[in-house]
Amino acid sequence: METREPARQQESTRPQESTRPPGGSARPKDGAAAPDAPVPQRLLAVATRLFAERGYDRTSVQEIVEAAGVTKGALYHYFGSKDDLLHEVYARMLRLQQQRLDAIADSAAPVEERLRAAAADVVVTTIENLDDAMIFFRSMHQLSPEKYKQVRAERRRYHERFRALVEEGQLSGVFAAVTPADLIVDYHFGSVHHLSTWYREDGPLTPQQVADHLADLLLRSLRP
């Protein structure tokens with residue numbers, strides 16, 4: 001299978017370059033923020049590591065604050081509950097992805113280039129935040145009903161913006177319209193949601209190569 005190199009992406013739709021190394025993690029591998037990092041950042045780094053290692057339900061608030069070197073009062077000042085921490089683990093990644101998708105979708109590039117850039121970007125940003133994605137999809141059912149509803153609304157906004165690119169291309173005749181846009185979106189995001197079950201940093205493909213392959217599969221499925 002041919003691997004498309006990142007340089008082939010059009011400049012007008014290329015997401016902001018990541019400062020992380022290829023295959024790298026969004027945070028240090030040991031899950032610890034710098035000792036002088038702001039308290040919320042330290043708490044999130046520790047919570048991410050412990051949730052990934054032990055699971056959300058088997059990690060106590062006491063273990064989080066001890067590992068972060070803060071008091072329970074500090075945690076509750078910034079997050080209110082362990083439930084808030086779980087929500088923020090995922091929300092920070094989704095905020096990044098939404099910002100990047102909006103920039104891509106708002107560009108003046110042809111719709112095919114914008115959709116391909118968006119399809120690749122969500123793969124790269126998910127891999128770069130793989131612990132966050134794994135924790136959330138494994139533990140999202142443990143959120144409070146209010147937080148769960150909030151997350152579903154946040155995810156819906158992202159998916160609807162992505163779907164709008166598919167629909168734009170279908171209405172203009174650039175993409176085939178035989179398959180409903182909703183199914184096209186579910187097809188791509190089904191692959192994205194399973195990345196945490198098989199992707200490994202020491203594997204044969206870089207995050208960008210995985211992203212290029214999956215984006216190409218999506219575009220091929222839409223050819224008239």
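**Close-up 1. Helix α10 is mostly covered in this predicted model.** Eleven of the 15 residues of α10 are buried. Buried here means under 20% relative accessible area.

**Close-up 2. The length of α10 fits its residue count.** Helix α10 covers residues 207–221. At 1.5 Å a residue, its 15 residues should span 21 Å. The end C-alpha atoms of α10 are 21 Å apart, which agrees.

**Close-up 3. Helix α5 is largely enclosed by the rest of the structure.** The reason is burial: 16 of the 18 residues of α5 are buried. At 1.5 Å a residue, α5 should span 26 Å. Its end C-alpha atoms are 26 Å apart, in agreement with that value.

**Close-up 4. Helices α5 and α8 pack at an angle of about 20 degrees.** Helix α5 runs through residues 111–128, and helix α8 through residues 181–193. Their axes lie 10 Å apart. The angle makes α5 roughly parallel to α8, because angles under 35 degrees count as roughly parallel. The crossing of α5 past α8 is right-handed.

**Close-up 5. Seen by residue, the contact joins α5 to α8.** From α5 come Ala119, Val122, Val123 and Thr126. From α8 come His188, Phe189 and Val192. By class, the contact has five nonpolar and two polar residues. No charged residues take part in the contact of α5 with α8.

Terms used. Residues are numbered from 1 along each chain as its sequence is written. This is a predicted model: local features need pLDDT of at least 70, side-chain atom pairs count only at pLDDT 80 or more; totals for chains, interfaces and linings use all residues. Side-chain values use heavy atoms; hydrogens and water are left out. Axes are lines fitted to C-alpha atoms, for helices over the stretch in contact, and angles run from 0 to 180 degrees between N-to-C directions. Helices (H or I, at least four residues) and strands (E, at least two) are DSSP runs, numbered from the N terminus. Angles under 35 degrees count as roughly parallel, over 145 as roughly antiparallel, 65 to 115 as roughly perpendicular and the rest as oblique. A crossing is left-handed if the near helix is turned anticlockwise from the far one by less than a right angle, and right-handed if clockwise. Contact means heavy atoms within 4.5 Å. Ala, Val, Leu, Ile, Met, Phe, Trp, Tyr, Cys and Pro count as nonpolar, Asp, Glu, Lys and Arg as charged, and the others, Gly among them, as polar. The expected span of a helix is 1.5 Å times one less than its number of residues. Buried means under 20% relative accessible area, exposed over 50%, partly exposed in between (1.4 Å probe, protein chains only).
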